[in-house]
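Please open the model in a viewer and keep the selection tool at hand.

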Amino acid sequence: MFLLPPLHHVLVRLSALAATVVLLVAGSMIAGSPAQALEEARPQAADRVPAGRFSMATLNLKKGMKVRGMRHDIGRVMQSGASVIGFQERLASRPALRASLPKSWTLLMPSGPTGTDDNPIAFDKDVWKLQRTRSALLTGTTWRRPQTGRTAHDQYGVVAVLRHRVNGHVVRAVSFHLPNHLHNRRTGGPNYANRAGVEAMWRMAARVRELKQDAPEPHQFVALCDCNVTDNRDTTDDLVKGRITRPLRLETNYSATGRTGSGIDYVMAERRADFRIDSSRTYRHLVTDHPGIVATFTRAR
């Protein structure tokens with residue numbers, strides 16, 4: 001013979017079960033799914049960017065840099081709010097570079113023959129939406145060391161079309177590295193003793209002009225470039241100024257130091273664009289031997 005529990009015990013258990021169900025339903029309505037809660041908790045970088053402003057950076061990397069060093073240098077330029085970085089990268093550091101970027105960033109690496117000089121672009125997906133990307137052969141063989149006759153590999157770059165998630169502005173960015181040892185510091189013009197390097201520079205400039213001229217009218221053209229043309233001056237129309245910046249109506253922000261081998265780092269932007277370079281900031285205390293530069297773009301008046 002089975003004994004039934006007292007009535008008040010049954011009522012207590014039913015009340016507890018009902019309360020549990022109510023709490024579960026209320027919790028699901030408030031918090032939603034775990035994925036939704038995680039998405040809502042994740043900070044949206046685009047929401048923190050003013051509608052009339054964004055920043056882009058260029059950064060040269062040394063051969064053999066480790067993840068720790070790359071992460072240090074990348075973190076420094078990100079401190080100024082850079083959401084796009086053009087890297088002048090040298091060989092065999094793709095895994096380290098990917099590991100050095102925050103999770104919200106995407107690395108656009110050019111595809112070319114093994115051993116090419118790669119010039120990738122990285123961007124923050126929370127700030128920019130990728131519309132198109134492609135690799136471009138920027139120049140043929142370049143002379144790296146004229147005193148030894150050793151040649152560099154063909155240089156590839158990335159052409160990325162990015163749309164800003166807040167203001168809708170579209171940029172066509174290209175990352176590239178100008179050949180070394182082609183500048184005569186005495187005259188300010190080309191070093192014709194390194195004729196192969198000078199001609200490579202001219203081919204590079206012609207390719208960059210083609211990329212700019214092929215850009216649709218609404219796209220702003222931005223060049224992210226490291227340049228070893230000079231440590232202090234470029235006074236002729238035969239190198240950067242006359243071959244790239246003046247013909248393309250580009251405004252140029254660059255940084256230079258008095259240290260040997262410091263070079264010049266450029267962020268070049270189209271003068272007639274809706275957004276113009278308003279200010280820039282240079283970072284010199286980096287693991288790499290070149291300064292990095294962050295240019296801030298603001299809407300033109």
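**Around one methionine**

Select Met 201: apart from residues up to four places away in sequence, Met 201 touches Leu 178, Pro 179, Leu 182, Leu 239, Val 240, Arg 243 and Ile 244, a contact being heavy atoms within 4.5 Å. This is a predicted model, in which local features need pLDDT of at least 70 and side-chain atom pairs count only at pLDDT 80 or more, whereas totals for chains, interfaces and linings use all residues. Residues are numbered from 1 along each chain as its sequence is written, and side-chain values use heavy atoms, with hydrogens and water left out.

Now turn to the open sheet, whose six strands run in the order β3-β4-β2-β1-β14-β13 with mixed pairing. Strands are DSSP runs (E, at least two residues), as helices are (H or I, at least four), numbered from the N terminus; two strands pair if DSSP finds at least two bridges between them. Select β3 (105–108) and β13 (275–283): each stands at an edge with a single partner strand, so one side of each is left without a neighbour in the sheet.

Then select β1 (residues 53–60) and β2 (residues 82–88), which pair in the parallel sense over six bridges. Finally, find Asn 60, which stands opposite Gln 88 in β2.
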